[in-house]
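Trainee: Could you walk me through this one? I have not looked at it before.
Mentor: Gladly, let us open it and go residue by residue.
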Amino acid sequence: MGEPSSDTPPSVSPPEDRLDSWKEIAAYLNRDVTTVQRWEKREGMPVHRHLHDRLGSVFVSRTELDRWARSRNLRAAAENLNDTPSPDLPAQPPHTVISTPRLRWKLVVALAAAGFAAAIGAGLWFQRTEYFWQNPIADARFQTLTDSEGVEQAAAVSRDGQFVAFLSDRDGQTDVWVTQVGSGQFHNLTHGSAQELVNPSVRTLGFSPDGSLVTFWVRKQGGPSGGDISIWGVPMLGGQPSPYLEGVAEFDWSHDGSRLTYHTPGPGDPLFVSNGGRRSEGKPIFTAPAGLHSHFPLWAPDMAFIYFVQGSLPDKLDIWRITPAGGTPEQITSQKTRVSHPVLLDRRTLMYLASDPDGSGPWLYSMDVERRVPHRLTSGLDCYTSLAASADGRRLVATLASPKTTLWRLRITDLPAKISAARISLTTSTGFSPRLGPDYLLYVSATGGSESIWKLANGTGTELWSGQGAQVIGGPAISPDARSIAFSVRQGGQTLLYVMHADGTNARIVTDLLDLEGAPAWAPDGQSISTAATDHGIPHLYRVPVEGGTPALFVQEYAVDPAWAPDGRLVVYSGPDIGTTFSVKAVTADAAAHPLPTLTLTRGARRLAFLAGGRALVFLRGEIQHKNLWLMDLETGAERQLTNLTPDFDVRDFDISPDGREVVLERVQEHSEVVLLDLPQP
C-alpha cells in the first residue's frame with residue numbers, strides 16, 4: 001500500500017527530462033543509491049519501472065521528482081512547526097461580519113505571521129539537513145594519470161596544478177617520481193638514493209612555493225629515533241637531493257608563501273609557525289596530549305586557521321583547527337576513524353579521507369566547516385590512500401588503491417635466505433590476522449562490511465563466528481590449552497570482548513565495559529584475558545576475568561597489544577609511537593616493571609610472540625612497509641634475523657609455532673594508481 005512505482009509509464013516527457021537508473025537518480029539528488037531506494041518505499045518518491053523489463057530497470061521524470069521533493073520539504077517543515085499545540089482562540093461574537101476591514105487586516109496579519117513562521121521552520125529544517133549542500137566533485141572530470149603494475153602512492157600536486165609528484169616502485173625500489181599533467185612522461189628524481197620514503201600516516205610529498213623543488217619525507221635507514229626524520233628536496237628538473245627542513249616531519253606553506261607551519265617528530269608532534277623558510281625559535285603553538293599524534297598541518301586559504309589531524313594512530317583520528325597564534329584547538333569532524341589528508345577547496349569546503357567504523361575504505365569525504373555535517377562522496381571496493389589539491393582548489397590528485405591480503409606459510413632455517421613462502425589456499429576471498437593452533441590455523445576474513453573468524457584444519461575451512469557489521473579488533477587469541485578463543489569486536493557502536501570454544505560453540509560476551517584497542521592475550525593460567533582499552537584517549541592494559549567480574553586496571557601507562565610469556569613470569573607490550581618508532585616494555589604478573597634489553601621497533605606492525613619457554617621474543621623489524629621476522633634472546637639481548645623476504649613482500653601480521661620452525665605471514669599487496677579530478681570553474 002502506498003507504493004509509488006508501477007508498470008505504467010507517466011505522461012510522456014522529453015528524453016532530457018528522464019533519469020534512467022538508480023545511479024542517475026541518486027546523483028541528481030546528491031544522495032547514495034540506498035537512500036533513494038528507501039525514499040521510494042517509505043516516502044512515495046515517484047519511480048517507474050519499464051514494462052516487461054527487469055526489476056532494477058527504473059526511470060523517473062525530473063519534473064515529477066522536483067515536484068515530489070518540494071512537497072516533501074514543505075511537509076517536513078510543517079511537521080516541525082506542528083510539534084507544539086496552538087492556544088485556543090477566543091470565540092467570535094455572533095454579530096461580527098468577517099468582511100469588515102479590521103478583521104480582514106487581522107486575517108492578513110495572521111496569515112503573514114503563519115507564513116513567516118513556516119519559512120523560519122523550513123529554513124531551520126533546510127539548515128539542519130543541509131538540503132542546499134552540493135557535492136563538490138559531482139561534476140568533476142576524472143582521469144587516470146598513471147597505469148603501471150606496481151604501487152603508486154602519496155601523490156602531491158604543484159600550486160598551479162601542472163605537475164604531480166608521487167612515490168612509485170616502477171623501477172623496483174620506491175622512488176620519488178614527477179610528471180607534467182598531459183605529457184605522458186614520468187621522471188625518477190631519486191634513483192634509489194633515499195632508502196625509506198613511505199609513511200602513510202603523514203603527507204610525505206610536496207612542492208616548494210615556487211614549484212622548483214619536489215619535497216619528500218625521509219628517515220635514515222636504521223635510525224631508531226625521531227631525530228633521524230627530515231624533509232629533503234630535489235629539483236623538479238632533476239639533480240641531487242639535499243636537506244630542505246631538517247628535523248621536520250611535515251609542513252605546509254600559506255597560500256601567499258609568506259608563512260610556514262610544520263611539526264617535528266617529537267612526542268605529541270609539536271606544531272610550529274614561522275615567517276619565511278626558517279624554523280621557529282619560539283615555543284610550539286600546539287602539542288598533542290601524551291600518546292596522541294598531530295599530523296597533516298594545512299593552512300586555510302585566508303590564513304585564519306591551521307587545520308590538522310589529531311588522535312590515536314591508526315584509526316581513532318579527527319580533523320581539528322587552531323589559530324596561527326595558538327590557543328585551544330577546535331574539533332571539526334567527529335568520526336574517530338582512519339582520517340587523513342585534509343584539503344580545503346575554499347574557505348569553507350573541506351575534503352579529506354576517512355574510513356568507515358567497520359574499517360572499510362578510506363573513502364573521499366567532504367563537509368562545510370561551518371555546518372560540520374560529513375558527506376561520503378565515494379563508494380565501491382577501491383580505497384583512497386592520499387589526497388592533495390592545487391592552490392585554487394580546482395584540481396585534485398588522489399591515489400586509488402585495491403588492497404589484497406593473503407596468508408603464506410614458510411619454514412624457518414638457521415640461516416635466513418630469500419625463501420619462497422607457500423601461499424595458503426583459503427575457501428574465503430580474504431584472510432588476515434593468522435593464529436596457529438596445535439592442529440589448525442585460525443584467521444579473520446572480510447565480506448562486504450562484516451568480518452568473521454575461520455578455522456582451517458586438514459585443508460577444510462569452517463566459519464566459527466560472524467557478526468553483521470562486525471569488525472574484529474587486532475586478531476583472535478588462542479587459550480594456552482587451545483580449547484578456547486578470545487577476540488575483540490567493534491559492532492553497533494560498541495566494543496565487545498568475546499570468548500568461545502575452539503569449535504565456535506558457546507560464544508559469549510565477557511565484557512562490554514571497555515573501549516577495546518588492539519589484540520587480546522590469554523594469561524597463562526587461562527583464568528583472565530589481558531587487553532588494551534582506551535581511557536581519555538590513552539590505552540592501558542586491563543585484566544578481564546573469563547568467568548565474569550569487573551575488569552581491573554593492570555598497566556597504567558600507555559600500553560597496547562600484550563603478549564604473555566608461557567611461564568607467566570612477565571607480559572610484554574608496545575608503548576606509544578614517538579616519530580615513527582615505539583618501544584617494547586614489560587611488567588611482571590604483579591604489574592611491577594621488568595627490565596628488558598632495549599627494543600625499539602618501527603611503526604606498521606606491533607605483533608609480539610614468545611617461543612616455548614618464554615626466553616625468546618619474535619617480532620617484525622624493518623621499514624614501515626617492509627619488515628622481516630627477528631628473534632631476541634631476552635636474557636642476553638642477542639638478536640637473530642629469521643627471514644629475508646623480498647622487497648615486495650609487505651608483512652602486517654604473523655604467528656609462529658612454539659618450536660620456532662614454522663611461521664604464517666599476513667601479506668598485503670596493493671595495485672594503486674594516481675587519478676586527477678578537475679573541478680569546473682565556479
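Trainee: Is W465 buried or exposed?
Mentor: This is a predicted model, and in it W465 has a relative accessibility of 10%, which is under the 20% limit, so W465 counts as buried.
Trainee: And F487, buried or exposed?
Mentor: F487 is buried as well, with a relative accessible area of 0%.
Trainee: How many aromatic pairs does the structure hold?
Mentor: There are eleven aromatic pairs in the structure. One of them is formed by W465 and F487, whose rings are tilted, with 5.1 Å from centre to centre and 55° between the planes. Because W465 belongs to strand β30 (residues 460–466) and F487 to strand β32 (residues 484–491), this pair ties together parts that are 22 residues apart in sequence.
Trainee: Which aromatic pair does F487 form with Y498, stacked or tilted?
Mentor: F487 and Y498 are stacked, at 5.2 Å centre to centre and with 0° between their planes. That pair links distant parts of the chain, since F487 is in strand β32 while Y498 is in strand β33 (residues 494–501), eleven residues apart. Y498 is buried too, at a relative accessible area of 10%, and the ring pairs link W465, F487 and Y498 into a cluster.
Trainee: Okay, what about charges over rings, where does the charged end of R170 sit?
Mentor: The charged end of R170 sits over the ring of F186, at 4.7 Å from the ring centre. There is also R606, whose charged end sits over the ring of F582, 4.3 Å from the centre of that ring.
Trainee: Changing topic, what is the order of the strands in the open sheet of four?
Mentor: The order is β9-β10-β11-β12, and the pairing in this open sheet is antiparallel. The edges are taken by β9 (205–207) and β12 (242–245), and because each has a single partner strand, one side of each is left without a neighbour in the sheet. From one strand to the next, the twist averages 40°.
Trainee: And how many bridges join β10 to β11?
Mentor: Seven bridges join them, with β10 covering residues 213–219 and β11 covering residues 229–235, and the two strands run antiparallel. If you want to trace one by eye, take R219, whose bridge partner in β11 is I229.
Trainee: Let me zoom out, how many helices and strands does the protein have?
Mentor: The secondary structure comes to four helices and 48 strands. The protein has 682 residues, of which 52% count as buried, and it exposes about 31800 Å², with carbon and sulfur atoms supplying 53% of that area.
Trainee: What share of the contacts join residues at least 24 apart?
Mentor: If you take the contacts between residues at least 6 apart in sequence, 44% of them join residues at least 24 apart.
Trainee: What is D633 in contact with, leaving aside its neighbours within four places in sequence?
Mentor: With those neighbours set aside, D633 is in contact with P597, R615 and A638.

Conventions: Residues are numbered from 1 along each chain as its sequence is written. This is a predicted model: local features need pLDDT of at least 70, side-chain atom pairs count only at pLDDT 80 or more; totals for chains, interfaces and linings use all residues. Side-chain values use heavy atoms; hydrogens and water are left out. Rings of Phe, Tyr and Trp (its six-membered ring) pair if their centres lie within 6.5 Å; planes under 30 degrees apart count as stacked, over 60 as edge-to-face and the rest as tilted. Buried means under 20% relative accessible area, exposed over 50%, partly exposed in between (1.4 Å probe, protein chains only). A charge sits over a ring if NZ of Lys or CZ of Arg is within 6 Å of the ring centre and within 35 degrees of the ring normal. Two strands pair if DSSP finds at least two bridges between them. Axes are lines fitted to C-alpha atoms, for helices over the stretch in contact, and angles run from 0 to 180 degrees between N-to-C directions. Contact means heavy atoms within 4.5 Å. Accessible areas come from the Shrake-Rupley method with a 1.4 Å probe; for residues, only the protein chains shown count as cover.
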